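Welcome, and thanks for taking a look at this chain with us. Here is a short briefing to read alongside the structure.

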Amino acid sequence: MQGRQIHDCIGIAFEAINMLSKKVKEGNVTYKVDIHKAFDTLNWNFLVLKHFGFHHSFFSWISTILRSTMLFVKFFPCSRGVRHDDLLSPLLFCLVDDVLSRGISKLVNDNMILHMASPKAYLTLSHILYVDDIFVFCRANNKSLKYLSIFLRKYGDFSGQYVNNSKSSFLTVDNSTRFITKIQ
């Protein structure tokens with residue numbers, strides 16, 4: 001994006017993490033979500049470019065490119081994922097990330113996920129996307145965590161991109177056993 005630097009997200013995430021210490025009844029939490037083998041597991045049927053307004057011909061070309069992929073171990077065709085070395089793959093992946101971002105934003109707009117508590121007149125971000133990692137900033141109440149979990153599971157079912165629990169983690173200031181048990 002014009003006028004933005006790759007390290008801008010780091011600064012924004014750092015500022016949001018500083019809000020974790022804001023005292024609020026349920027607490028604030030940052031959930032660092034890792035998508036398991038994000039490029040390799042992308043379901044091609046999920047990548048419906050028609051919904052983004054692309055012409056049918058363009059969609060047909062992209063489908064042809066994706067389906068032309070062959071694994072040379074046994075010469076069998078692939079049925080999912082995008083190639084790491086293909087110049088088109090990062091752009092397709094950005095479209096998929098846009099679906100994920102819009103879904104989280106919708107949950108926030110519908111008050112299913114509550115923003116982190118912050119000083120008055122300061123609204124924190126709800127999430128930041130960086131390739132296959134997502135940082136979600138929210139209130140640590142049961143409702144927010146439940147709806148986020150349901151959304152990520154449904155997103156995985158449709159896209160083929162599931163949360164890698166072994167590489168995902170919660171970050172909070174409240175390290176009490178009761179609180180940690182609640183958010184896991």
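How many aromatic pairs does the structure hold? In this predicted model, the count is three.

**Aromatic pairs and a charge over a ring**

- Y31 and F170 make a stacked aromatic pair, with 4.3 Å from centre to centre and 10° between the planes.
- Because Y31 belongs to strand 1 and F170 to strand 6, this pair ties together parts of the chain that are 139 residues apart in sequence.
- Y31 is buried, at a relative accessible area of 12%, while F170 is partly exposed, at 28%.
- F135 and F137 also form a stacked aromatic pair, this one with 6.5 Å centre to centre and 10° between the planes.
- F135 counts as partly exposed because its relative accessible area is 25%, and the cut-off for buried is under 20%.
- F137 has a relative accessible area of 1%, so it counts as buried.
- Elsewhere, K146 places its charged end over the ring of Y147, 5.0 Å from the ring centre.

- Strand 1 covers residues 28-34, and seven of its seven residues are buried.
- Both faces of strand 1 are covered: one side carries N28, T30, K32 and D34, the other V29, Y31 and V33, and all of these are buried.
- Strand 1 runs antiparallel to strand 5 (residues 133-139), and seven bridges join the two.
- D34 has D133 as its bridge partner in strand 5.
- Strand 1 also pairs with strand 6 (residues 169-171), again in the antiparallel sense, over three bridges.
- The bridge partner of T30 in strand 6 is L171.

**A closer look at T30**

- Is T30 buried or exposed? With 2% relative accessibility, T30 counts as buried, and its place is in strand 1.
- Setting aside residues up to four places away in sequence, T30 touches I17, L20, F135, V136, F137, S169, F170 and L171.

**Nonpolar cores**

- As background, nonpolar side chains in soluble globular proteins tend to be buried together.
- The largest nonpolar core here has 20 residues, and the members that touch the most others are V33, L100, I134, V136, F151 and L152.
- At least two residues of this core come from each of strand 1, helix 4 (89-109), strand 5 and helix 5 (142-159).
- L152 is in contact with Y31, V33, L100 and V163, leaving aside its neighbours within four places in sequence.
- There is also a second, separate core of seven residues, with A13, A16, L20 and M116 among them.

**The chain as a whole**

- The chain has six helices and six strands, and from the N terminus its elements run α-β-α-α-β-β-α-β-β-α-β-α.
- Of the 184 residues in the chain, 40% are buried.

Terms used:
Residues numbered from 1 in each chain as written. Predicted model: local features only at pLDDT ≥ 70, side-chain atom pairs only at ≥ 80, totals over all residues. Heavy atoms only, no water. Buried < 20%, exposed > 50% of the residue type's maximum accessible area, 1.4 Å probe, protein only. Helix = DSSP H or I, 4+ residues; strand = E, 2+ residues; numbered from the N terminus. Pairing = 2+ DSSP bridges. Phe/Tyr/Trp six-rings, centres within 6.5 Å; stacked < 30°, edge-to-face > 60°. Lys NZ or Arg CZ within 6 Å of the ring centre and 35° of its normal. Contact = heavy atoms within 4.5 Å. Core = buried A, V, L, I, M, F, W, Y, C linked by side-chain atoms within 4.5 Å.
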